[in-house]
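Work through the exercises below with the sequence and the structure side by side. Try each task before you read its solution.

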Amino acid sequence: QRRVHGTELMTKTARGQWWRALPDLQVPVLVRESFSVQSREIGNVLRGHYVQQSGPAEVFINGPAKGLIRMPVQPSGWVTVDATALDGPKYLEPVRSARWTVVFSTGAPRGDVIMREGVSLDSDEVAVLVCGAAVEQVGPQMVLSDGIVRMPISVIEGRCFEPACGGSQPAQRPSAIREGWVTCDATAQNGPLFFAPCGEEGAMPTGRDVDGDGADDGCADGQAGDDALLALRPLARHRIYRVVNLEAYHVDSLPMVSRAEPYAPGSGRVPPEDIVLNRLKDGDLVEQIRHSKKVRGFQVMPVVVAGVEGWVTRNTNSAKTGSHSSWFEELRDAADSDREQRRANRRENRGPRSRD
């Protein structure tokens, strides 16, 4: 089909197709506001990164730009796919999926990158990813007002490829695919880079076949083995916590309330009596039943006590308050302690990593 601006539609690819900016590009791929190569620049795609097609690509069929291929992308804008007909570079290549690997490590045994329900950094936690885990991008990235890059992903729950699970084959079939949002890049705020793109060609062999097609799905920037490939750490079981050290905050009780609001010891915030379900003392036990939420600089935890469900303030968020305080201690059995020690030893043997 011939277009009014001297182009024809290309039908080999369609909306939803993922494309990767070629890794050997010397410049990023520019995203412009409209079809015209003179229109306003609204973004870019870094080499090795991905962009998703939003409609048919178009090729110029006459004039000085003959052979140039332009394509609309999500959420908006146009990119040049191929300029080799004009002695320019080829910018993009189609890929089966947009795959990333976690490259940030906290060094902590409970995971490295939080996956949340929505794009907001205050939305509910749904899982925790570990360094080396592979994920799939499922939509366009979103840049927040402060420059933080957020990304929607999916990840397979219940797969294990580590040697402890018996070799390179999965220990079990995937039980579920979870979706959520992660921070891909926080360098705009002097934070870390959390994810790096996986290359379909030249990737490091890992023995992983995540999509079941018989091909190795290794990531050039990832690491194989260990629990890094468990990919998902949901709240697998309820955790038990004990209230401790309230006297250090000059209070004798901790309120358990009916909604997810922070009422931390020593904060000066007092909950209305009509939402108070219990007042916990030192030594009282609570059972965590879902993932915590971050609310105004505090971690607020859903718990059950004596059959009644509610919320307690678990600790402060050091990123906002400049300190980290907690009035709970987790009760752990010997198996938990041994497992975390083994993971810590394996991380130490791998050497230091950059932090997410």
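The exercises that follow use a predicted model.

**Exercise 1. A strand and its neighbours**

Task: Find strand β2 and say which way its side chains point, and whether they are buried or exposed.

Solution. 
- Step 1. Locate β2 at residues 18–21.
- Step 2. Sort the side chains by direction. Trp18 and Arg20 point one way, while Trp19 and Ala21 point the other way.
- Step 3. Check burial. All of these residues are buried.
- Step 4. Look at the pairing with β5. The two strands, β2 and β5, run antiparallel and share three bridges. Across from Trp18 stands Gln52 of β5.
- Step 5. Look at the pairing with β9, residues 92–95. Here four bridges join β2 to β9, again in the antiparallel sense. Opposite Trp19 is Pro94 of β9.

**Exercise 2. The second largest pocket**

Task: Describe the second largest pocket by its volume, its lining and the strands that supply the lining.

Solution. 
- Step 1. Start with the space. The second largest pocket holds about 610 Å³.
- Step 2. Turn to the lining. There are 25 lining residues, and Gly43, Asn44, Val45, Gln141 and Val143 lie nearest the centre.
- Step 3. Assign strands. At least two lining residues come from each of β4 (41–45), β5 (50–52), β14 (142–143) and β16 (176–185). With four residues, β4 gives the largest share.
- Step 4. Sort by residue type. The lining has 16 nonpolar residues, eight polar ones and one charged.

**Exercise 3. Cysteines**

Solution. 
- Step 1. Count the disulfides. There are zero.
- Step 2. Recall the cut-off: buried means under 20% relative accessible area.
- Step 3. Apply it to Cys131. Its relative accessibility is 2%, so Cys131 counts as buried.
- Step 4. Apply it to Cys184. Its relative accessibility is 3%, so Cys184 counts as buried.

**Exercise 4. Backbone details in loops**

Task: Where do Pro75, Asn190 and His250 lie?

Solution. 
- Step 1. Take Pro75. Its loop runs between β7 (69–72) and β8 (78–82). The peptide bond joining Gln74 and Pro75 is cis, with omega about -5 degrees.
- Step 2. Take Asn190. This residue sits in the loop between β16 and β17 (195–197). Its phi is positive, about 60 degrees, although Asn190 is not a glycine.
- Step 3. Take His250. The loop here lies between β18 (239–243) and β19 (254–257). His250 also has a positive phi of about 60 degrees and is not a glycine.
- Step 4. Asn190 has 78% relative accessibility, so Asn190 counts as exposed. His250 has 75%, so His250 counts as exposed.

Notes: Residues numbered from 1 in each chain as written. Predicted model: local features only at pLDDT ≥ 70, side-chain atom pairs only at ≥ 80, totals over all residues. Heavy atoms only, no water. 1 Å grid on protein atoms, 1.4 Å probe; cavity = no way out; pocket = protein on both sides within 12 Å on 5 of 7 lines; lining within 4 Å. Points joined across faces, edges and corners; volume = space filled by probe spheres on them. Nonpolar A, V, L, I, M, F, W, Y, C, P; charged D, E, K, R; others polar. Buried < 20%, exposed > 50% of the residue type's maximum accessible area, 1.4 Å probe, protein only. Pairing = 2+ DSSP bridges. Disulfide = S-S within 2.5 Å.
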